[in-house]
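Visitor: I would like a short walk through this structure. Please keep to plain terms.

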Amino acid sequence: MRRVFSGIQPSGELHLGNYLGAVRNWVDMQNEYDCFFCIVDYHAITQDYEAAKLHPRTLDMAVSLLAAGIDPERAVLFVQSHVLEHTELAWVFTTVTPIGELERMTQFKDKSRRQESVLAGLLNYPVLQAADVLLYKAQMVPVGEDQVQHIELMREIARKWNARYGEGFFPEPQPAITHARRIIGLDGQAKMSKSLDNTIGINESAESIWQHLRPAVTDPARVKKSDPGTPEKCNIYSLHQHFSPEEMIQEVAEKCRTAGWGCLDCKKVLGEKIAATFAPFRERAAELRADPETVFEILRDGADRARAVAEETMREVRERMGFMPADQYARR
Ligand code: TYM
């Protein structure tokens, strides 16, 4: 069975962009592939974060992923920092990764622009990401469009390491992208992203979804309710594509073009659809929150299953790179 690996940062609530762009695909893939899904806490510390929130957010992300349909019987779900080999392989990979390649990464350029002092962890973020995937020799990586460049670099890291230490050892992973590859945020401009405060979380109540949707940006040319709009220029219309049935999407387009509906009418319908889609998720999340021991056990089991693979890969990596074997010469 082909192997799949993907990760998500516990840097906030699971939002529509994460779900439509990646997690929905994870849920589908677990039926067909050998899947590893990871909550990447070491990645989350590469930007400003509150230490006191990391643990509850990690747990909350596990709850959200399970509620969204990740099934621990069919996929391995675990926390990155519980499998120490991730950082070990990342260090190894820094020795085959040119700095120039890291400086070229779009996400690094965007994020470092917003910071006074740029830290090495942010630059090395894609090296750790390469270690995540290659530790499990995964061939497929289901992600949103923003991660494709990181996967290209991961392929290069695999090639460089293989060329030096063993042809064919690491596979060159491919991204798996869906039609929802880039969900735009409620500002109607940038990618939906927690750091831009333009998101809707999948566990929000109907009321809270409405509070977020009401001020969301629509077709800028539509100032008054009586102005006809252009659905193709409106992000609310594009969100309808992911939540409303075909007839509804056509009705939305028609009512927008003829000014039959105001933007608020259109948002009301969308809000109801989003709330209804995620209502079962919210219910499951509430059940899991009331039973944290079950979630801990899933994560413990996931880390054990992941570690078994990771330890074997690292044992071979150390051997091929010529390290003195610890079990022969050192007490652990
Ligand atoms: P993160 O936590 O930022 O995002 C998790 C996933 O959600 C996708 N995504 C989106 N897709 C469509 N539209 C959006 N607006 C949107 N926002 C987020 C992301 O593309 C991602 O697939 N670097 C990764 C985490 C990571 C990882 C890995 C992924 C660490 N190691 C190994 C794959 C394999 C990230 O940015 O996650």
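Visitor: Which residues in H10 meet H13?

Guide: This is a predicted model, in which local features need pLDDT of at least 70, side-chain atom pairs count only at pLDDT 80 or more, and totals for chains, interfaces and linings use all residues. Residues are numbered from 1 along each chain as its sequence is written, and side-chain values use heavy atoms, with hydrogens and water left out. Contact means heavy atoms within 4.5 Å. On the H13 side the partners include Leu-264, Ile-274 and Arg-282; on the H10 side they are Ala-206, Ile-209, Trp-210 and Leu-213.

Visitor: At roughly what angle do the axes of H10 and H13 cross?

Guide: Helices are DSSP runs of H or I, at least four residues, numbered from the N terminus. Axes are lines fitted to C-alpha atoms over the stretch in contact, with angles from 0 to 180 degrees between N-to-C directions. The axes of H10 (residues 206-213) and H13 (residues 263-289) come within 9 Å, and the angle is roughly 145°.

Visitor: Which residue has a side-chain N or O atom 2.4 Å from an oxygen atom of the ligand?

Guide: A polar contact here is a pair of N or O atoms within 3.5 Å. For Asn-18, the distance from a side-chain N or O atom to a ligand oxygen is 3.2 Å. A polar side-chain atom of Gln-147 is 2.9 Å from a ligand nitrogen. The distance of 2.4 Å belongs to Asp-146.

Visitor: How much of the ligand's accessible area does the protein cover?

Guide: Accessible areas come from the Shrake-Rupley method with a 1.4 Å probe. On its own the ligand has 710 Å², and the protein covers 95%.

Notes
Polar contact = N/O pair within 3.5 Å; in protein donor to acceptor, adjacent residues only side chain to side chain. Helix = DSSP H or I, 4+ residues; strand = E, 2+ residues; numbered from the N terminus.
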